[in-house]
Amino acid sequence: MEMNIGIDIDDTIADTTAQMLHYIKQEQALQKAYQQGDIMQKGKELLRGVALSEESKQFYKKYAKDVVLNVKPKQSVKQKIQELKDRGHQIYIITTRGEKHFKGAYEATYDWLMENNITFDELICDANEKVEACKEKNIDVMIDDSIETCERLQENGIDCLVMNSYFNE
């Protein structure tokens, strides 16, 4: 049976948290949080793009594009996505990345996917509410690292697989 499969990028396809930590360690305003062990909250805030503090907004402005352009795909992810595509499934990349993070976010994300040979049928950016994006594309199953997102999807009748990530292990 062919399915429409949605896949998140950050901490699902890409090892975004590791890349962000690289930049956080360089940013003096966030170093204090890192050293005090509050990095889990700061990192989650930065990755999810919610309830941004002023320092997080400055971090986004300064580093978001670099994070997107330099992040590495997780091990074996390209092969697994290709296997799904080879079985006839439609692959939708669904991400909250968008213009609120930096100008040209769609193009940079698209280019990153192409440069890293990630197979997909459609890229959907600015999906701040993934339930709506999944409903619109008739997604059968979503693969995401956010437990909260997966719970909302399941409450709306959309199956979800949760990927391990820095924030949910």
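**View 1. One disulfide is present in the structure.** The model is predicted. The bond joins Cys150 and Cys160, with 2.3 Å between their sulfur atoms. Because Cys150 belongs to helix α8 and Cys160 to strand β5, the pair ties together parts that are ten residues apart in sequence. Cys150 and Cys160 are both buried.

**View 2. Cys134 takes part in no disulfide.** Its nearest cysteine sulfur belongs to Cys160, at 7.7 Å. Cys134 has a relative accessibility of 1% and so counts as buried. Cys125, at 15% relative accessibility, also counts as buried, the cut-off being under 20%.

**View 3. Helix α8 spans residues 147–155 and has Thr149, Cys150 and Leu153 buried.** These residues lie on the same side of α8, because they cover an arc of only 95 degrees around the axis. The buried residues of α8 pack against α7 (130–136), β4 (141–144) and β5 (159–162). Gly157, which follows α8, has a positive phi near 80 degrees.

**View 4. The largest nonpolar core has 18 residues.** Ile7, Ile13, Ile93 and Trp112 touch the most other members. Two or more residues each come from β1 (4–7), α5 (77–86), β2 (90–94), α6 (105–115) and β4. Apart from this core lies another, of 13 residues, which includes Ile94, Val131, Ile139 and Leu153.

**View 5. Contacts of Ile93.** Leaving out residues up to four places away in sequence, Ile93 touches Ile7, Ile9, Ile13, Leu113, Phe120, Glu122, Leu123 and Ile124.

Key. Residues are numbered from 1 along each chain as its sequence is written. This is a predicted model: local features need pLDDT of at least 70, side-chain atom pairs count only at pLDDT 80 or more; totals for chains, interfaces and linings use all residues. Side-chain values use heavy atoms; hydrogens and water are left out. Buried means under 20% relative accessible area, exposed over 50%, partly exposed in between (1.4 Å probe, protein chains only). Helices (H or I, at least four residues) and strands (E, at least two) are DSSP runs, numbered from the N terminus. The arc is that of the directions from the helix axis to the C-beta atoms. Contact means heavy atoms within 4.5 Å. A nonpolar core is a set of buried Ala, Val, Leu, Ile, Met, Phe, Trp, Tyr and Cys residues joined through side-chain atoms within 4.5 Å. A disulfide is a pair of cysteine sulfur atoms within 2.5 Å.
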